[in-house]
Amino acid sequence: MGGILDPDPAWFRRAERAIRRALALAPTSAQAFNAQGRVLWTAARGFKNRAALRALGKALAINPGCHPARVWQCLVLLHVGLLQEAQDGLATALAANPDDTFASAPATSASSVTPVALTGREVEPKMLERP
């Protein structure tokens, strides 16, 4: 899988400021929502699964062909144990861009991982339920 690691938190603050500006100028920017989801799903921001999935979902609602948003959404889905959803999304991503090695690695993982293998027990993805 991929990730974003930067020991200097100033870059995340700058990215968040740029994302806010981009969304103020273009509230229907799929790229801005994709960037927001990627920043939310970092160690620096506590891997906010739910918020990241919302942002990535907005990007895909605006532009279903936003390939980076689809792949990152699938990475989060795989991480939280929603394996079938991750597999389906990665299949869609790879159908659109079969040479994408970034998407093909988690697609292979998603096909061989089970919720029991991830945790030793059945997984209920409660972290995605609305409060």
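Reply: Start with F47. At 39% relative accessibility, F47 counts as partly exposed, because that class lies between buried, under 20% relative accessible area, and exposed, over 50% (1.4 Å probe, protein chains only). F47 sits in the loop between α2 and α3. Its phi is near 45 degrees, a positive value in a residue other than glycine.

A word on the source. This is a predicted model, in which local features need pLDDT of at least 70 and side-chain atom pairs count only at pLDDT 80 or more, while totals for chains, interfaces and linings use all residues. Residues are numbered from 1 along each chain as its sequence is written, and side-chain values use heavy atoms, with hydrogens and water left out.

The chain has seven helices and zero strands. Helices (H or I, at least four residues) and strands (E, at least two) are DSSP runs, numbered from the N terminus. The order from the N terminus is α-α-α-α-α-α-α. Of the 131 residues in the chain, 37% are buried.

F47 belongs to one aromatic cluster with W41, W72 and F102. A pair of aromatic rings is described by the distance of the centres and the angle of the planes. Rings of Phe, Tyr and Trp (its six-membered ring) pair if their centres lie within 6.5 Å; planes under 30 degrees apart count as stacked, over 60 as edge-to-face and the rest as tilted. The whole structure holds three aromatic pairs. In one of them, the ring centres of W41 and W72 are 6.3 Å apart and the planes stand at 75 degrees, so this pair is edge-to-face. W41 lies in the loop between α2 (30–40) and α3 (49–62), and W72 in helix α4 (residues 67–79), so the pair ties together parts 31 residues apart in sequence. W41 is buried, with a relative accessible area of 6%. W72 counts as buried too, at 6% relative accessibility.

W72 also pairs with F102. That pair is tilted: 5.6 Å centre to centre, 40 degrees between the planes. F102 lies in helix α6 (residues 101–112) and W72 in helix α4, so parts 30 residues apart in sequence are tied together. F102 is partly exposed, at 34% relative accessibility.

Back to the loop between α2 and α3. R45 is in this loop. Side chains of opposite charge can pair when their charged atoms come close. A salt bridge is a side-chain nitrogen of Lys or Arg within 4 Å of a carboxyl oxygen of Asp or Glu. The count comes to one salt bridge. E16 and R45 form a salt bridge, with the closest N and O atoms 2.6 Å apart. E16 is in helix α1, and the two residues are 29 apart, so the link joins distant parts of the chain. R45 counts as buried at 18% relative accessibility, whereas E16 is partly exposed at 21%.
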